[in-house]
Amino acid sequence: MWLREAFFRWLVPAAFLLPLWLFVGWAIFGQNAWSLLWVLLMAMPTVFVGQLILTLLTRSRPSVRAERAVSWWDVAGFTVWHGLTIAVGLFVDGGFGWLLTGAILAAIALFWLQLWQLWNEARGTGIRIRETVSWSTAPRVDDSASQAAHDVIVIEESRTKD
């Protein structure tokens, strides 16, 4: 349980630290200026926005909000995506393209995983709402009681003394 709670707390800082790692990785591993443009204009904003969207989708689930812990599916998905994102920041010669492709595919798969989990949790609540509200409880338009005048009762909280 502690691991799931740790991932819950890690999601928001990850939106800032993972893009920062891409920049630090560029500086440490001595890449050229063209890769700096890629890091600043493509990688950092994409990872930042992607992580924020995935965090919002994850935290919007009722079970995550109630337990303040993500699911094991989330732990697996975020571990793969964050691991690949960190590996992309290493700028490995010969493996960069494969790592980048893996990170992109992992982010897309994680997005669909979040939507699937959110849909499954929301589907259960929608059924209960439909069970409690039925068409027989809704008033009919042609009902004569709805056209009759209603009595109005006024309750005064306190009287003012004249």
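Mentor: Start with the order of elements. Along the sequence, the pattern is α-α-α-α-α. Helices here are DSSP runs of H or I with at least four residues, strands are E runs of at least two, and both are numbered from the N terminus. This is a predicted model: local features need pLDDT of at least 70, side-chain atom pairs need 80 or more, and totals for chains, interfaces and linings use all residues. Residues are numbered from 1 along each chain as its sequence is written, and side-chain values use heavy atoms, without hydrogens and water.

Trainee: How many helices and strands does the chain have?
Mentor: Five helices and zero strands.

Trainee: What does α1 do at proline 13?
Mentor: α1 bends there by about 55°. The bend is the angle between axes fitted to the seven residues ending at a residue and the seven starting there.

Trainee: And how far apart are the end C-alpha atoms of α1?
Mentor: Only 33 Å, although α1 has 27 residues. A straight helix would reach 39 Å at 1.5 Å a residue. The expected span is 1.5 Å times one less than the number of residues.

Trainee: Which residues of α1 are buried?
Mentor: Among them are Arg4, Phe7, Phe8, Leu11 and Trp26. Buried means under 20% relative accessible area, exposed over 50%, and partly exposed in between, with a 1.4 Å probe and protein chains only.

Trainee: What do the buried residues of α1 pack against?
Mentor: They pack against α2 (33–59), α3 (62–67) and α4 (72–88).

Trainee: New topic. How many aromatic pairs are there?
Mentor: A search of the whole structure finds five. Rings of Phe, Tyr and Trp (its six-membered ring) pair if their centres lie within 6.5 Å; planes under 30 degrees apart are stacked, over 60 edge-to-face, the rest tilted.

Trainee: Why do phenylalanine 23 and tryptophan 26 count as stacked?
Mentor: Their ring planes are at 25°, so the pair is stacked, with centres 6.0 Å apart. Both residues lie in helix α1 (residues 2–28), three residues apart, about one turn.

Trainee: Is each one buried or partly exposed?
Mentor: Phenylalanine 23 is partly exposed, at 31% relative accessible area. Tryptophan 26 is buried, at 17%.

Trainee: What sits over the ring of phenylalanine 8?
Mentor: The charged end of arginine 59, 4.0 Å from the ring centre. That label needs NZ of Lys or CZ of Arg within 6 Å of the centre and within 35 degrees of the ring normal.

Notes. Contact = heavy atoms within 4.5 Å.
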